[in-house]
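Open the model in your viewer and keep the selection tool at hand. We will go stop by stop.

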Amino acid sequence: MGQLVEYLSYPFVRYAFIVGVLIALTSALLGVPLVLKRFSFIGDGLSHVAFGAMAVAAVLNVTNQMIIIFPITVAAAIILLKGSQNTKIKGDASLAMISVGALAIGYLLLNKFSTSTNISGDVCTTLFGSTSILTLNSFDVWICVIMSLVVLLLFFFCYHKIFSVTFDEDFARATGTRADGYNLLIAVITATVIVLAMKLVGSLLISALIIFPAISAMGVIKSFRGVLVLAAIFSVFSALIGMILSLLVSTPVGATIVSVNIVVFGLTRLYGLVRR
Amino acid sequence: MQLQCSDVSLGYEGKVIMEHLNFTVNQGDYLYIVGENGAGKSTLMKTILGLRSPLAGTISFSEGLQQTEIGYLPQQTLVQRDFPASVGEVVMSGLLNKRGIRPYYNKEEKKRVHQIMERLEILDLKKKCYRDLSGGQQQRVLLCRALCATEKMLLLDEPVAGLDPKITAQMYELIADLNGEGITVIMISHDMNAACLYAAHILHIAHRPLFFGTKEEYLNTEIGRAFTEVARQEGERTWDS
C-alpha cells in the first residue's frame, strides 16, 4: 500500500490512472450499443487499422503521430460502417481484409523503413501496450478528458435515441429518428476512443475493453440503462485493479487490465448460473 | 383520405419488383395486404414508412397525417430476441419522435405511456426484461410501442407470426378493437381466414397489383376465391398435423 502511495506521488503515474479510467469508462459505454448491434467486430477492425496508421506515422517520422493516425482511423470507421450495411459485399470478409491488411502493411513498413533500433520492441509495444502509458504528457490527458466528456454528454442527451436506434433501427427511422447519423456518430467516436486507448492497452487488446464489460453486464442486468451503468462500473474497476496490479508486480499493463476483465466476466457467468 | 399511392413502382438496387401500384386508405380503414412470400409486401410497407424510396410514383399523406406519425410493428429481428431492455424502455421508445430535442420524457408523456400499457394490459410487465417474455407478450409490447408513436395509423407486418392460435385470436381482437376506436390499420398477413373476418379492404399483390377493393368484392373475384381456398386448405393441413 505504501508503495502504491509512493507511486501515486509521481505525476506521470497519476496521468496514467486518469487516462486509464476515462478510456475504460468511454469504451465500456460505447461497447454496449456496438455489441448489441453486432458491430463489435468494427472495434476490432479499427484497432488494427490504427496500428497500420501508427506505422505510417512512425515511418514518416512526424512529431505528432495523432495527425496521421486519427483521420485514417476515422475514415476506416466510416467505410466499415457503410460496408456492413451493404449486402452485396460480404461485410465480415471485407472487414477481415481491411484489418489483416492493415496489420501486414503496418508491420512491413515498420520493418523496412523504421529508423528505430528496436523494431520488434516497438511493434510489441504498439500491439500489446506497455510503459507508453507512463509517457503521457498533460496534452494527452486533456485530449482524453475532453473526449470522455463528449462521450458522456452524448450518452446523457441522446440516451433514448441511442436506445431506439440500437433496439430497432427500422422503427427509429420510420418514426423520424436520423439513425444513419447516430450510427456514424458512434463509429467516429469509437475510432477516437480506439486511437486514445492504443496507448493504454495496445491495439490488439482494445476490443477487449469494448466487448468484455458490455457482455459481463448483460449477463447480470435486464435493462438497457442498467447494462450501461454496470458496464461502466465493471470497466473502470477492472482498469483500476489492472493498473495497480501491474504497478505492484510489474506485469504489462494492457494484458493485466484485460485479464481482470476476463475474471469479472467469469464471475458474472458464475452468478448467472447460481441464480438460475 | 389519409394515404394515397399513385402509380408506385417498388424495388431495391435498381431491381423493380412491382409496378403501377395504386390504392388509397381512408381514416378508420382496415386494409389487409395479402400475397405470396416474396411478393413485395414488406417492401411496400417499408416504402410507405419512408425506409425506402419508391422507384417511381408518389406516396402522399393527408388529413394531418405525417409519414413519421405512423405506428409500425415490424417483424421481429434476432437481435431483439436477446436484447437487455425492460418493457418500459421498449414501449417508451415509441414516443421518441414526439419529443424533439428534449433529452428526457416529461410527466405527460409518461402518463400517456402508462395509459396505453394499461389499455393493452401489459402494465404488470413494465419492469420485466423484454427477452424473458413469451412471443405473444413481446408482440403486445411492440404493438404498445407502435401505439405510442401514433394516434392515427398502424402498420403491422405479420403481427401474429409464430403465435399460438389462442394468442393469435386475442391479438386479432385487440387490433380490431383499436380499429373500432378510429385508428387506421394496414396489416400484412398470410392468414386469409382472419382477413375474411376482420378486413374492410384487401390489397392482393404478386409482383404486380392483382386486386384492390373491399373484402366483399375480393371474395367475388376469381383470384380472391382461389386464394382463400388455397389458404383454407393450408389452414386445415396445419391443424391436422
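This is a predicted model. Begin with the charged pairs: over all chains, the structure holds 8 salt bridges. Side chains of opposite charge can pair when their charged atoms come close.

**Stop 1: a salt-bridge network**

Select A:D170 and A:R173. Their side chains meet in a salt bridge, 3.6 Å from N to O. Both residues lie in helix α9 of chain A, residues 169-174. They are 3 residues apart, about one turn of the helix. An α-helix has 3.6 residues a turn, so residues three or four places apart point the same way. A:R173 is partly exposed, at 30% relative accessibility.

B:K46 counts as partly exposed because its relative accessibility is 24%, which falls between the 20% and 50% cut-offs. Show the three residues together: A:D170, A:R173 and B:K46 are linked in a network of salt bridges.

**Stop 2: a salt bridge within chain B**

Which residue forms a salt bridge with B:E151? Select B:R112: the closest N and O atoms of the two are 3.5 Å apart. B:E151 lies in the loop between α5 (135-149) and β6 (153-157) of chain B, while B:R112 is in helix α4 (residues 107-119) of chain B, so the pair ties together parts that are 39 residues apart in sequence. B:E151 is exposed, with a relative accessible area of 53%.

**Stop 3: a charge over a ring**

Go to A:F171 and bring in B:R145. B:R145 lies over the face of A:F171, 3.7 Å from the ring centre.

**Stop 4: aromatic pairs**

Next, colour the aromatic rings. A search of the whole structure finds 13 aromatic pairs over all chains. Take A:Y10 and A:F12: the ring centres are 5.5 Å apart and the planes meet at 25°, so the pair is stacked. A:Y10 is partly exposed, with a relative accessible area of 36%. A:F12 is partly exposed too, at 36% relative accessibility.

Move to chain B and select B:F23 and B:F212. These two form a tilted aromatic pair, 5.8 Å centre to centre with 50° between the planes. B:F23 lies in strand β2 (residues 15-25) of chain B and B:F212 in strand β9 (residues 209-214) of chain B, so the pair ties together parts 189 residues apart in sequence. B:F212 is partly exposed, at 29%.

Then select a group: A:Y159, A:F163, A:F167, A:F224, B:F83 and B:Y130. These residues form one aromatic cluster.

**Stop 5: a serine in a loop**

Select A:S223. This residue lies in the loop between α11 (206-218) and α12 (224-248) of chain A. What is A:S223 in contact with, leaving aside its neighbours within four places in sequence? The answer is in chain B: B:P84, B:A85, B:S86 and B:E89. Look also at A:G226. Its backbone nitrogen lies 3.1 Å from a polar atom of the A:S223 side chain.

**Stop 6: helix α3 of chain A**

Select residues 40-60 of chain A. This is helix α3, with 21 residues. At 1.5 Å a residue the helix should span 30 Å, and its end C-alpha atoms are 31 Å apart, which agrees. α3 of chain A is mostly covered, with 16 of its 21 residues buried. Step just past the helix to A:N61, which takes a positive phi of about 60°.

**Stop 7: a buried threonine**

Finish at A:T73, in helix α4 (residues 66-85) of chain A. A:T73 counts as buried because its relative accessibility is 0%. The backbone oxygen of A:I69 lies 2.7 Å from a polar atom of the A:T73 side chain. Beyond its neighbours within four places in sequence, A:T73 is in contact with A:L46, A:V49, A:A50, A:A191 and A:V195.

Definitions and conventions
Residues are numbered from 1 along each chain as its sequence is written. Chains are lettered from A and ligands numbered from 1 in the order in which they are written. This is a predicted model: local features need pLDDT of at least 70, side-chain atom pairs count only at pLDDT 80 or more; totals for chains, interfaces and linings use all residues. Side-chain values use heavy atoms; hydrogens and water are left out. Helices (H or I, at least four residues) and strands (E, at least two) are DSSP runs, numbered from the N terminus. The expected span of a helix is 1.5 Å times one less than its number of residues. Buried means under 20% relative accessible area, exposed over 50%, partly exposed in between (1.4 Å probe, protein chains only). Rings of Phe, Tyr and Trp (its six-membered ring) pair if their centres lie within 6.5 Å; planes under 30 degrees apart count as stacked, over 60 as edge-to-face and the rest as tilted. A charge sits over a ring if NZ of Lys or CZ of Arg is within 6 Å of the ring centre and within 35 degrees of the ring normal. A salt bridge is a side-chain nitrogen of Lys or Arg within 4 Å of a carboxyl oxygen of Asp or Glu. Contact means heavy atoms within 4.5 Å. A polar contact is a pair of N or O atoms within 3.5 Å; within protein, one must be able to donate a hydrogen and the other to accept it, and residues adjacent in sequence count only if both atoms are side-chain atoms.
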